[in-house]
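Welcome to this short briefing. Please take a look at the sequence and structure below, and then we can walk through a few features together.

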Amino acid sequence: MLRFAVTLFAVITSSTCQKYGCLEGDTHKVKPSPEPNMRECTLYSESSCCYANFTEQLARSPVIKVSNSYWNRCGQLSKSCEDFTKKIECFYRCSPHAAHWINLSYTAAIQSVPLCQSFCDDWYEACKDDSICARNLLTDWEWDESGENHCKSECKPYSKMYANGTDMCQNMWGESFEVSESSCLCLQMNKKDMVAIKYLLSESSEESSSISSSEEHACQKKLLKFEALQQEEGEETR
């Protein structure tokens, strides 16, 4: 009964309300709360949709599997590729903002989360020499009776599976992500997201799917200020 109520809530409420809740995945909370003891995904420790014990699976390197999904079906990921894969996993599992992009057809999923072009390009560069056997990690597996994933196709380099960072970001996780036309109103899975999120979750952004020049300018200005403050803090700690 509780699960039905939460599902109904996710479907009928506005996206403004959804950002205060969590997705309905198997490891998600109903509402985000602090998790000071996270071993990974610490970007979301102040307000997390996952429990700290979930992140123990990601704290080991190399990561073998998360829940029932194996990451090493084509061999262990390189450290750089693994780091980007963790960022995506952390966002989906732990971000308190992921539900803003909830897939109304399946409330455990996300849809059209705007990623920065630079993030996608860097991710592709980090993984291009690693191997993968599923173009769409949500659908292109053979699943056994215990729910574990197995390759249906031969392993090939990321650079052969995807043409570039845009192709990878917009296909690896089905409809979960898209590459933004903006260089600021998009996510990079780091602290800079605090700036972008403010504008992405604003009422004006929710009412319009297009990016206004005023929002872009305001975001860029705020981001430059944020980067300057980060640089100052870094110099003070040296």
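Leaving aside its neighbours within four places in sequence, which residues is Thr27 in contact with? They are Cys49, Cys50, Tyr51, Phe54, Ser67 and Arg93. Please keep in mind that this is a predicted model. Its chain has 10 helices and 10 strands, and 44% of the 238 residues count as buried.

**Around Thr27**
- Thr27 sits in the loop that runs between α2 (15–18) and β1 (28–33).
- Because its relative accessibility is 16%, below the 20% cut-off, Thr27 counts as buried.
- The side chains of Thr27 and Arg93 are joined by a polar contact of 3.1 Å.
- Arg93 also belongs to a network with Asp26 and Glu89, joined by salt bridges that share partners.

**The nonpolar core**
- The largest nonpolar core contains 60 residues.
- Those with the most contacts inside this core are Phe91, Trp123, Tyr158, Met172, Phe177, Leu187 and Met189.
- Elements that give two or more residues to the core include helices α4 (79–94), α5 (117–127) and α10 (213–236), along with strands β5 (113–115) and β10 (177–179).
- Not counting residues up to four places away in sequence, Tyr158 touches a list of residues that includes Leu77, Cys81, Tyr124, Ile132, Met168 and Met172.
- As background, nonpolar side chains in soluble globular proteins tend to be buried together.

**Salt bridges**
- A search of the whole structure turns up 10 salt bridges.
- One of them pairs the side chains of Lys29 and Glu35 at 2.7 Å, N to O, and both residues are buried.
- Glu125 and Lys128 form another, with their closest N and O atoms 2.9 Å apart.
- Glu125 counts as partly exposed at 48% relative accessibility, and Lys128 counts as partly exposed at 27%.
- Asp167 and Arg135 meet through their side chains in a salt bridge of 2.6 Å, N to O.
- Asp167 lies in helix α7 and Arg135 in the loop between β6 (131–132) and β7 (141–143), so this pair ties together parts that are 32 residues apart in sequence.
- Asp167 is buried, with a relative accessible area of 17%, whereas Arg135 counts as partly exposed at 29% relative accessibility.

**The chain as a whole**
- Among contacts in the chain with a separation of 6 or more, 61% are between residues 24 or more positions apart.
- The chain exposes about 13,000 Å², and carbon and sulfur atoms supply 51% of that area.

Methods. Residues are numbered from 1 along each chain as its sequence is written. This is a predicted model: local features need pLDDT of at least 70, side-chain atom pairs count only at pLDDT 80 or more; totals for chains, interfaces and linings use all residues. Side-chain values use heavy atoms; hydrogens and water are left out. Helices (H or I, at least four residues) and strands (E, at least two) are DSSP runs, numbered from the N terminus. Buried means under 20% relative accessible area, exposed over 50%, partly exposed in between (1.4 Å probe, protein chains only). A polar contact is a pair of N or O atoms within 3.5 Å; within protein, one must be able to donate a hydrogen and the other to accept it, and residues adjacent in sequence count only if both atoms are side-chain atoms. Contact means heavy atoms within 4.5 Å. A nonpolar core is a set of buried Ala, Val, Leu, Ile, Met, Phe, Trp, Tyr and Cys residues joined through side-chain atoms within 4.5 Å. Accessible areas come from the Shrake-Rupley method with a 1.4 Å probe; for residues, only the protein chains shown count as cover. A salt bridge is a side-chain nitrogen of Lys or Arg within 4 Å of a carboxyl oxygen of Asp or Glu.
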